[in-house]
Every structure is written in C-alpha cells, then in structure tokens.
Amino acid sequence: MESEPLLTGSINYGSHPDNNDHLEKGSPKTRRLSYSVAAEYCCVEGADEDLYLQQAVVFIEDAIQYRSINHRVDANSLRLYRWYYSRLWQWGLGLTIAVVLMLAFIERPSSFSYTSDPRFRPPPWEPPCGLTEGIEIVCLIIFAIDLTTKSYLIGWDEFRKCKWLIVYILAVSASVIDWTLTLSMYCDQNLRVRRLIRPFFLLQNSSLMKKTLKCIKRTLPEIASVILLLALHLCLFTMIGMLLFAKGENPKRNGEWETYFRDLPTSLSSLLVLLTTANNPDVMIPAYSLNRGYSIFFILFSGFGTYFLMNLLTAIIYNQFRGYLLMSVQASILRRRLGIRAAFEVMSCQGRGHDATHSEEHVERVRVDASLQVMARVQMKSYYRQAIIKRVQQLSDGFIQWEAFRSLFDELDKDRIKEHPPKPEYNSPLLQRLQLVFSHYYVMIVGNAVALANVMCICTILVLDSEKSIAERDDYYMEVINCFFILYYLMEMSLKILAFGWKGYLSYRNNIFDGLLTVCLLVLQITIFATYRLPFPKWNPASRGLMSLWEMVRLVNMLIVVRFLRIIPDIKLMALVASTLVDLVKNLRAFAGILVVVFYVFAVLGIWLFQGAITAPGKMSVMSNSSMENITINFTMECGSYEQLGYWPNNFDDFASSLVLLYNIMVVNNWQVFMDAYTRYTTEWSKVYFVSWWLTSSVMWVNLFVALILENFIYKWDRSVTCSVADVERTGYETTVQLMFREQIQEPTEEELVTQLHQHPHLHLS
C-alpha cells in the first residue's frame, strides 16, 4: 500500500515479524518495506519487482515534466496516473477547454455575422435553445471526471492543501447551477455567470500558468508603489492644468479649457491619455497656438511621466516578476531532482539485493539492466531516451551509484544536436562532380541572389503598373519572368536532392520550406498554362474558372515573395531572431494563456456593461449585389469623435467584436476615442473599465512580454555567440523557462531531497 514506508537505509523485502498481520490484509501486489541496518540480503518477489519498476517509471516521468511526486503509488493508481497524463487524455482535456471557451462566440449575443458594424449588420444566426447548453454540459462532465481523478490520485490529505482543486469544485458546481438556471428560463438568460468562470478551467490545467499568476500576485505590491507615484504625478499636473487653463472672459481663448480641462474627470482623462501619447500633440494645440510657453507644461508632464515613470514601471515589473519567476523555477528544479531521487530509491534495493558482498557497506546503487528496463518504458522524447540509454550502456560494473544516476538526467538540459544523414555515393564521375558543386555553400548564396533578383523584378513591375487598371495591365512580361525563375527554382531543388539525397534534403528545415513553395509555384504555373495557354504580348484573356489570370499571377507573386524568407536561416542574427519567435510561441504559452484569460474576462464584462450602448443613427446602407451604398444621414458629428472616424464596428455588441475592441485599446492608438464615446453613451464611471484594461494589458502584460522576449533572445545569443551559421542550424535549442534561468538556479542539497521524501504522503520514510 502507498502508506507503507520507503526507506533510505538497507531494506528488507522479506517477511518481518511486526508486519505479518498487515501483510495478510494487504494487496498481493503491495510492496513491504522494513528497516534493517545489518541486512545482508534484499529479496524482491515478481509482483513487487514489477511494482517498483512501475513506480520508478512514473517518478522519472514526473521529473521530466516537473510534476509533483506526491500521489498514490500502488499499482492500480499508477496505471490510472499514467493514463491521466497520457497524450490522449491531456489533448482531450485541452480540446474540451478550447470548446467551452469558444462557446462565447456562438451564444447570445452571437458573433455569427459578416460584420460587427451596427449600420450594416444583419440579424446574426442564433443557436437553438439547448445546442450550446448540450455541448457545455458534456464539457462540464469531463471537467468533473478530471477533478475526481486528480483528487483521488493525490489523496485526501493533499487535496485539502490544494486551493486550486477546491476552487475547481466550486467552479464546476457554480457552472452547473447557472447552466440549470439557463435551461429553466428557456435560454432567455442574458447574464450568464458561468461565462466569467470558464477561463478558470484554462488556468488550472497549466502548472506554469498557476506559477505565473502567483508571481504576478506577489509582484503587485511593488508595482502598486510606482502606480501610486504615477497617480500622484497625474493628480498634481491635473490640478496645475486646471489652474493654468481656467475659464477666462474671452471665449476665443478658452479652447483648452473647453476641450480638455472643463472639469476634474475630463482633465484627469486628458492627461492620462497624454501619458500614453495617444492624444499628443492634439491636447496642447489650443493653448500652444495662443502662447508657445504653454508647451512647457505638456513637455514636463509627458517627459517625466511617459519617459521616466512608465519606463521605471517597466523595469520594476520585469525585475520583480523575474525574481519571483526564478523562485518558481527553483521549485520546478527541486521537483525534477526529487523525482529522480525517488526513482533511485525504489530501484536501489534490487541493486543491493543481488550483491551481498556490498550490502554491508550500505552503498545505494541500482542495477544497469533495471535502469534500461525503466528507461524503455518511460514516455519521453526519443533523442533524450537514446542519449540516457547510451550512457547507461557504457557502465561496465553492472551497477549505478546515486551521483552517476543523477548525472544521467543532465541530458535533459542539453541541446539536441541534429545530425544530417550521410550523402549518397555515386559511381559516375559526372554525378560526383554535380554532388560536389551543388552541396557547396556558394550554391545557397547564388540561390538567395536569384530569389532577390526575382523579388526586385516583381517590385519594379508593381511600381510601373501601380496606377494601371486590370484591363490596362500587360501580364506577359510578368509571366515570362516568373516562368524563368520558377524553372531555376525547380532545377535548384532537383540538383540539391541529387546532392544530398531525399533524407538529407528533408533534414534541413529551410529546404522543406523552399521545396514546398517551389512545388506550389510549379503547380500554379501549370494551372495557368492549362487554363490560359502560353503567354504572348498583350496577353489578357477573359476570366475562366474560379480565378482570373491577374488573380493567379498575383498569387504566384505572393508565393515568390514569401519564398524569399529562405534567406533567414543563412544569416546568423536573423536565424536567432526567428528561432526566438518560434520559441516564444512554443515555450511561453503560459504567459499568452493568462493574457487570453484576461482578454476573455474583460470581453465578458464589456458585454455585460456596454452591449447595445452605442446605437447607429438609422440604417445607413442598402445591400445590393453584395455592395454597400451609403445613405445621407441628417446629424452632426464632432471632428475626431467615434462617429466621425467611423469606429462603429468597434463595440461590445458580441464577443468577437469585444476582443477586437480590447486589442485596439491595448495598442493605445486613439483609445481615448472609445473611452469618450462610451462615456457619452453611458456614464463617467465607464472610464474605470477602460483605464483598468489599459493598466492590465498595456502596462502589465505588454511590458512582461517585452521583458521575456529580451530574456529569451539574450539566452540564445549568449549560447550561440561562438557558433557559426551551420552550427545554429544544427543545434535544436530547447529554450524552456527553466533553461532560461538555469545559471541562476541553485541545486537542491541531499538533505533537502531526503527531507522532501520523508514528507511524501504515500511513501513514508523511516
């Protein structure tokens, strides 16, 4: 049973007088452990041997994935545990979370319309009552199964300590209650509280997201001090501005007061927007046109606030968050070392039991053949498994001691060196010469130069034909040029395949990219010839099939321009930048996930608060043959306002348009227009919502992403500064968050590992 002790001293798997009663009651596959200082043998029965191998496999998988080892370790629980963390269940759970989040696009108010502009938007498609509710209850059942399984695996004691699982129960329960209310009201419920709960399911499914959220919570006090200083700066200049631009007797000199400093809320919002530079220099023009000295006020405000306090806030966010993230990564490394140590402990008895001469020395070690069995069953990347097995097979004495066992898993922190397949061998001197020539580095340079020439030709023709209509264009020259270059690309690809062989050619990622686009270009060119025949001067045939000749030529040109990206792997700095972006997508998904959660929550709140608040002034268009004809409207619009700028599609009338509007505010360009519009159509208190979103997205998250991009790029640059372009291409940098902070992480001591193992709720050490 998982509650029986696992010992670090000599272990006796045989019968023990004190445990005979318990032995009869236990499971036949339960492993019996007892402490024996002078034990001279260690006996492991067949069923017990399979159990400890299974335990070692699971502990190593926990270490690889930085998971906690505080879970049940009996045979049935271990099978359930591996199934729970299998790719099938985890992908299924991720798909379920994606589906339940996507329901917001279908539910009322539905986003199923071709436009979000209320002037032109037709009535959207509304799902029948019970459709989205049926999908949602299936998702909630899956969440309930996930919750039950996870709670059982960690046990009651651990469950009571886990706040996330307790909140998980409350979230599922509240969602079911709200779902029941929706059905009881025949789906006519506008305020669906469970929409606000759904992002929690995304958060709780990622340990790194939870760590990130915890880091943000701990960082908030330090951020609050700078925000308080920023608020003081804003209030001080607001008071000075209201005094400086007070209403005078001459109406012609009251432009600044009337537009930007009429009252306290208007003054605060005007200077807050100036802090983001969104209304600069508009906010100062009325006063500046009267006296150039007024510009000093605005320059001092934006200079100190925007360029000092805001950048100071960025530095503090980065520094404090990085410190707390480092602490979280330290905990992850402890989990990895603890999992490896636990695997060693459950395997070490057999190593002593098969060699009685060493048992008296109490040297902890594991058998090589047992290690090979375990590594063969562990779910991990194949190249890591091969590297570890290769090192195990090099051990000659048949046993592995703790330090050697721990060092085996240092392979997990190493870069994967990609070895290209050997080149094919040819007997023909001609083929050998062609292989030598077209595998040379200069052939790649020539290919890049040809691709550049192709792009320059397209650019030249586009400039010459920029003012011409489709009927006036002559596609003959463009088509002849494209034919020549596509033939060259085809020849280059064929000769590279000849030089490297199929496997060697496909082992280079830029060759896959290049070859795929070359095949697409060839297929398109053959389609053009089959549809419109061979080109000739003044070649402008009538449109046939799905695409006109001009559309097909444009598609070919776009693919040629995209193909020019093949130069990226050949320039070291560009290759590093590109790989940094790829790593950000792959390895910093936790930060993007929390940003999705924040977007989701604010979009739902925005719909609750502002749905239908802005109404279009009458139907402004008539649909005729898929075109829109404007109708004259008799109403006045202030210059630079929401109405005059035509920002009607930016609204909170459905979930999709809410996300777009929140993104536009996050960019902060003209965000004051949206804030002003919703203030006029609702209340002054709506500014609280927009300012909160600006602080959360633009100040907090954008700065965090910038900091993490810098951290990721600096990490990769430091590691590749001594490498050539070929080495960068061959090295598959596994840039995880843990590796980014690897040099600052302190290895846990042996005492810390043993202490943690003693605290395991299901493997009690004595």
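How much space lies in the largest cavity? I wanted to know that, and here is what I looked up along the way.

**Ground rules.** I am working with a predicted model, where local features need pLDDT of at least 70, side-chain atom pairs count only at pLDDT 80 or more, and totals for chains, interfaces and linings use all residues. Residues are numbered from 1 along each chain as its sequence is written, and side-chain values use heavy atoms, with hydrogens and water left out.

**Entry 1: the cavities.** Rolling a probe the size of a water molecule over the atoms shows where empty space is left. I noted that on a 1 Å grid over the protein atoms alone, a cavity is a set of points where a 1.4 Å probe fits but cannot get out, while a pocket is an open set with protein on both sides within 12 Å along at least five of seven lines; lining residues have an atom within 4 Å of a point. Grid points are joined across faces, edges and corners, and a volume is the space filled by probe spheres set on the points. I found four cavities of 30 Å³ or more. The largest cavity holds about 80 Å³ of space, which settles my opening question. Its lining includes Glu 107, Arg 108, Cys 129 and Cys 187. I sorted the lining of the largest cavity into four nonpolar, one polar and five charged residues (Ala, Val, Leu, Ile, Met, Phe, Trp, Tyr, Cys and Pro count as nonpolar, Asp, Glu, Lys and Arg as charged, and the others, Gly among them, as polar).

**Entry 2: a pocket.** I turned to the second largest pocket, with a volume of about 780 Å³. I found 26 residues lining this pocket, and Thr 259, Tyr 260, Glu 638, Gln 672 and Asp 676 lie nearest its centre. Helix H25 (671-681) is one of the helices that supply at least two residues of this lining, and H25 gives the largest share, six residues. By class, I read seven nonpolar, 10 polar and nine charged residues in the lining of the second largest pocket.

**Entry 3: the whole chain.** I read off 29 helices and eight strands; helices (H or I, at least four residues) and strands (E, at least two) are DSSP runs, numbered from the N terminus. Of the 766 residues in the chain, 46% are buried (buried means under 20% relative accessible area, exposed over 50%, partly exposed in between, with a 1.4 Å probe and protein chains only).

Entry 4: Where does H5 bend by about 115°? I found the bend at Gly 155, taking the angle between axes fitted to the seven residues ending there and the seven starting there. H18 (residues 441-464) reaches 35 Å, close to the 34 Å expected.

Entry 5: I found Glu 158 in H5. Glu 158 counts as buried because its relative accessible area is 18%. Leaving out residues up to four places away in sequence, Glu 158 touches Asn 70 and Pro 761 (contact means heavy atoms within 4.5 Å). Next I looked at Met 700, in helix H26 (residues 686-720). Met 700 has 11% relative accessibility, so I count Met 700 as buried. The C-alpha atoms of Met 700 and Tyr 318 are 9.5 Å apart, though 382 residues separate the two along the chain.

How values were computed: The expected span of a helix is 1.5 Å times one less than its number of residues.
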